Amino acid sequence: MQTCKIIIDCDPGIDDTLALNLAIQSPEVEVVALTIVCGNVPVEIGVDNAFKCLERLGRLDIPVYAGAAQPLKKTFVSAQDTHGMDGLGDSHIPRQTTTKAAEQSAADFLATTFKAPCDISIIALGPLTNIATALTLNAQLGANCARFVSMGGTYKSHGNCSPVAEFNYWSDPEAALAVYEHLNQKIEMIGLDVTREIVFTPTLLAYCQRINPEVGDYLAAITQFYFDFHWQYEHIIGCVINDPLAVAYFIDPTLCQGFESYTTVETTGISIGQTLVDRFDFWHRPINSLILTEVDTNRFFEQFLTVVLNAQASIIKTDLKKLR
């Protein structure tokens, strides 16, 4: 099987960590590096959580690059109310090793990696600060990468940190705007329209604990805080795991459907961070995005659980028909 090389730019909170577990264990992709940005948690906690994940999976060979500690202009506001102070649901999972991030910054690494056309893609799971900064160092970054998938934004769904804005783009709207305006690569936007359909429920958690108790207990430890948050603020029984869908979609683009459009990002006022999707071509601007609006939820969970539980796909598929 030919694998696709990817760099994952992320802000490891709970769902980023789930996405890393999926990506690193999926045979279809080779994770070349992790670049960390402030977002769900301060960047130093994100780096620590990245190493905790790599340590657990026995993949400390994957380099980690620390990136932006602040948005380009906006004051940094974390999502620790959503992910816990440690970013992993206040699970306080210990770290056994003292591996450090690479000396080179995330932006420098990205700018250097994409100096020339290559077969490496970027999956961005957090605010786009590292990407925007790297673009100032190498304007050809986007044109030289194979694909660019961003978990962020929303088309018709309501926001998750304001009535209209999704957290990653709200967190650093200037960076999101810069990437949409200057990347020169079609941005495949996995936004809240599709990620809200990916709800990890207590029933699915109990199933994980039965199929693979070690992994199931790990998932329980990091998601209980997330469950409580979603119930308190959205009255959802379970938690929306946004980031794993971006990885699953990258591996299998048939999971999601959508449309191409010109998209930009608001940077001021009460709608700061909102993605303005010109689906009907009012502005007659060049297409810069693929906006995903539909997702096959059952197939996502078949893929996700098969990989993270190290289970047989046929068993997972059969069981999910009974559970969902």
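The model is predicted, so local features were required to have pLDDT of at least 70 and side-chain atom pairs counted only at pLDDT 80 or more, while totals for chains, interfaces and linings use all residues. Residues are numbered from 1 along each chain as its sequence is written, and side-chain values use heavy atoms, with hydrogens and water left out.

Let us begin with the sheet. Nine strands make up an open sheet of mixed pairing, ordered β3-β2-β1-β4-β5-β6-β11-β9-β10. Helices (H or I, at least four residues) and strands (E, at least two) are DSSP runs numbered from the N terminus, and two strands pair if DSSP finds at least two bridges between them. The edges are held by β3 (64-66) and β10 (275-278); each has a single partner strand, so one side of each is left without a neighbour in the sheet. On average, neighbouring strands are turned by 30 degrees against each other, direction ignored. Here axes are lines fitted to C-alpha atoms, for helices over the stretch in contact, and angles run from 0 to 180 degrees between N-to-C directions. Strand β9 (residues 256-265) runs antiparallel to β10 and is joined to β10 by four bridges. In this pair, Val265 stands opposite Thr275 of β10.

Two helices can be followed over the sheet. Helix α12 (residues 242-251) packs on it, touching β1 (4-10), β2 (29-36), β4 (120-124), β5, β6, β9 and β11; the direction of α12 makes about 160 degrees with that of β5. Helix α8 (residues 173-182) lies across β5 (148-151), β6 (187-190), β9 and β11 (289-295), at about 110 degrees to β9. Contact means heavy atoms within 4.5 Å.

Grid points are joined across faces, edges and corners, and a volume is the space filled by probe spheres set on the points.

The largest pocket holds about 460 Å³. Of its 26 lining residues, Ala79, Thr82, Asn160, Phe167 and Phe229 lie nearest the centre. Helix α11 (213-234) contributes the most to this lining, with five residues, and α1 (14-25), α3 (80-83), α7 (167-171) and α12 are among the elements that each supply at least two. The lining comprises 11 nonpolar, eight polar and seven charged residues, where Ala, Val, Leu, Ile, Met, Phe, Trp, Tyr, Cys and Pro count as nonpolar, Asp, Glu, Lys and Arg as charged, and the others, Gly among them, as polar.

The second largest pocket has about 180 Å³ of space. Its lining includes Gln2, Cys4, Asp119, Arg147 and Phe250, and β1 and α12 are the elements that give two or more residues to it.

One cavity of 30 Å³ or more is present. Leu18, Asn21, Gln25, Arg56, Val215, Tyr218, Leu219 and Val308 line the largest cavity, with at least two residues each from α1 and α11.

Finally, the axes of helix α10 (residues 202-211) and helix α14 (residues 313-323) come within 12 Å and cross at roughly 145 degrees. Residues in the contact include Tyr207 of α10 and Leu320 of α14; by class, the contact has seven nonpolar, one polar and one charged.

How values were computed: 1 Å grid on protein atoms, 1.4 Å probe; cavity = no way out; pocket = protein on both sides within 12 Å on 5 of 7 lines; lining within 4 Å.
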